[in-house]
Amino acid sequence: MQRIPVSGPWITQKEIDYVADAAANAWYADANIYHARFERAFAEYLGVRFAMALPSCTSARHLSLLALGVGTGDEVIVPDATWIASVAPVCYVGATPVFADIDPETWCLSAWSLEECITPRSRAVIPVDLYGNVPDMDAIGDITRRHRLAVIEDAAEAIGSEYRGRKAGSFGDTGTFSFHGSKTLTTGEGGMLVTDREDIYRRAAVLRDHGRQPGDTMFFNSEIAYKYKMSSMQAALGLAQLERIEELVTRKRQIFDWYQRELADLRGVKLNHEAETTKNTYWMVTVLLEPELGVRKEQLIALLAERGIDCRPFFHPLSSLPPFASSEQGKIAQIRNRVSYGISPYGVNLPSGLNLTEERVAYVCDALKTALRPRSQRVIAATPALHA
Ligand SMILES: Cc1ncc(COP(=O)(O)O)c(C=O)c1O
């Protein structure tokens with residue numbers, strides 16, 4: 001059997017046709033036809049006014065912070081357990097990241113911890129929709145409104161997810177998406193900034209094009225800025241994927257259901273949570289091992305690799321990583337963030353690529369059970385079976 005990859009896209013003839021058409025025709029005066037269609041369809045899908053196609057989610061967050069005027073002397077609160085791209089742009093603009101803890105059920109930003117992190121220097125919050133889940137947006141919205149904090153939602157992993165019927169990515173002053181090759185909707189590399197705020201959209205439009213006004217034909221630069229653009233071939237791929245978004249999201253949820261069924265009788269493990277308020281799109285099906293099993297993420301990843309199965313570790317707490325570990329905020333977070341530090345060593349992202357079949361999921365689950373069963377039988381009988 002071929003190795004089972006941890007992630008990967010679902011590309012059909014539609015995507016190939018759109019990209020081929022862009023390569024043949026989207027030049028000169030038509031250079032932006034696919035961007036315009038992709039952005040319009042994306043804004044409509046999200047239920048927001050503006051969408052801007054960009055080269056990455058990281059650039060979308062960078063532009064968001066710049067457009068909001070966040071900079072030196074400001075603090076920006078981010079969850080401790082996430083990919084470094086959530087926080088790196090905070091450092092690009094010279095602001096200080098403050099690492100809040102995550103919720104033990106959703107694995108997303110804890111509203112309670114967020115409130116604890118607020119100081120007079122706090123300017124913005126970056127809630128992350130981790131692994132396709134959504135944090136408690138009611139509680140977070142209440143806190144950010146009371147403290148007048150800007151919200152930049154990191155929905156990189158959560159296209160199609162919902163909270164109380166509203167789409168992930170539409171909750172903040174801006175929402176930021178990734179279309180990296182591992183994502184549910186991919187353009188190879190790519191991203192999108194969405195917002196309802198015209199001032200942010202207009203400012204980002206100048207900042208993303210070397211300080212030129214949109215539509216400028218005189219090549220006039222009013223300031224030093226950035227070059228953050230997506231190619232037409234990527235926009236064409238994104239449009240085709242977006243036209244198939246229900247199919248893609250349904251497949252993701254189907255993959256999670258297969259895992260949930262296969263692992264239902266395995267004690268000592270827990271999968272991604274879905275609250276009643278939320279539609280989780282399970283970007284990465286993630287297994288969390290009870291510490292009593294005595295198996296850490298590195299060991300399980302190595303055991304599954306021997307069976308030809310590629311997995312990923314749950315994100316390391318950002319505050320534990322070299323860029324932050326010895327900073328003042330890093331040290332505070334290492335003590336404060338019990339949940340992030342409790343979960344991270346025991347979480348493994350299982351193969352979740354869109355080309356998975358039910359048989360392959362069964363194979364992965366069999367390997368997982370073989371790796372864990374001798375240990376899971378020792379876990380106290382009182383431990384509830386899998387609860388997702
Ligand atoms: C939570 C999160 N934020 C941000 C990003 C960054 O996305 P990009 O690589 O498109 O900048 C990713 C992508 O892996 C992510 O998972």
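Author: Leaving out residues up to four places away in sequence, P9 touches G181, T186, L354 and N355. This is a predicted model. P9 sits in the segment before helix 1, which spans 13-25. Is P9 buried, exposed or partly exposed? P9 has a relative accessible area of 34%, so it counts as partly exposed. Now look across to S182. In sequence, P9 and S182 are 173 residues apart. In space, their C-alpha atoms are 6.6 Å apart.

S182 counts as buried because its relative accessibility is 6%, and the cut-off for buried is under 20%. Which residues does S182 contact, once neighbours within four places in sequence are set aside? They are S7 and W283. S182 also has a partner beside it in the chain. Its side chain makes a polar contact of 3.4 Å with the side chain of K183.

The ligand is surrounded by 15 residues, and K183 is listed with the closest, along with T58, D154, E157 and S178. Some atom pairs can be picked out. A nitrogen atom of the ligand lies 2.7 Å from an N or O atom in the side chain of D154. For E157, the ligand atom is an oxygen, 2.4 Å from an N or O atom in the side chain. C57 takes part through its backbone: a polar backbone atom there is 3.0 Å from an oxygen atom of the ligand.

D154 takes us on to R61. With neighbours within four places in sequence left aside, R61 contacts D154, and also A85, S86, P89, I126, I152 and T176. R61 belongs to helix 3, residues 57-67. Its relative accessibility is 1%, so R61 counts as buried. What joins the side chains of R61 and T176? A polar contact of 2.9 Å does.

Stay with helix 3 and turn to helix 7. The two pack at an angle of about 115°, with their axes 9 Å apart. Their crossing is right-handed. From helix 3 come L63, L66 and A67; they meet I200, R203, A204 and L207 of helix 7. By class, this contact has 6 nonpolar residues, no polar ones and 1 charged. Helix 7 covers residues 198-207, and its buried residues are I200, A204, A205, V206 and L207. What do these buried residues pack against? They pack against helix 3, strand 1 (50-54), strand 8 and strand 9.

One more helix pair is worth a look. Helix 2 (residues 33-46) and helix 8 (residues 232-243) have axes that come within 8 Å and cross at roughly 35°. This crossing is left-handed, whereas that of helix 3 and helix 7 is right-handed. Helix 2 brings Y34, H35, R37, F38, A41, F42 and Y45 to the contact. Helix 8 brings S232, A235, A236, G238, L239, L242 and E243. Together they make 9 nonpolar, 3 polar and 2 charged residues.

How values were computed: Residues are numbered from 1 along each chain as its sequence is written. This is a predicted model: local features need pLDDT of at least 70, side-chain atom pairs count only at pLDDT 80 or more; totals for chains, interfaces and linings use all residues. Side-chain values use heavy atoms; hydrogens and water are left out. Helices (H or I, at least four residues) and strands (E, at least two) are DSSP runs, numbered from the N terminus. Buried means under 20% relative accessible area, exposed over 50%, partly exposed in between (1.4 Å probe, protein chains only). A polar contact is a pair of N or O atoms within 3.5 Å; within protein, one must be able to donate a hydrogen and the other to accept it, and residues adjacent in sequence count only if both atoms are side-chain atoms. Contact means heavy atoms within 4.5 Å. Axes are lines fitted to C-alpha atoms, for helices over the stretch in contact, and angles run from 0 to 180 degrees between N-to-C directions. A crossing is left-handed if the near helix is turned anticlockwise from the far one by less than a right angle, and right-handed if clockwise. Ala, Val, Leu, Ile, Met, Phe, Trp, Tyr, Cys and Pro count as nonpolar, Asp, Glu, Lys and Arg as charged, and the others, Gly among them, as polar. A residue is near a molecule or strand if one of its heavy atoms lies within 4 Å of it.
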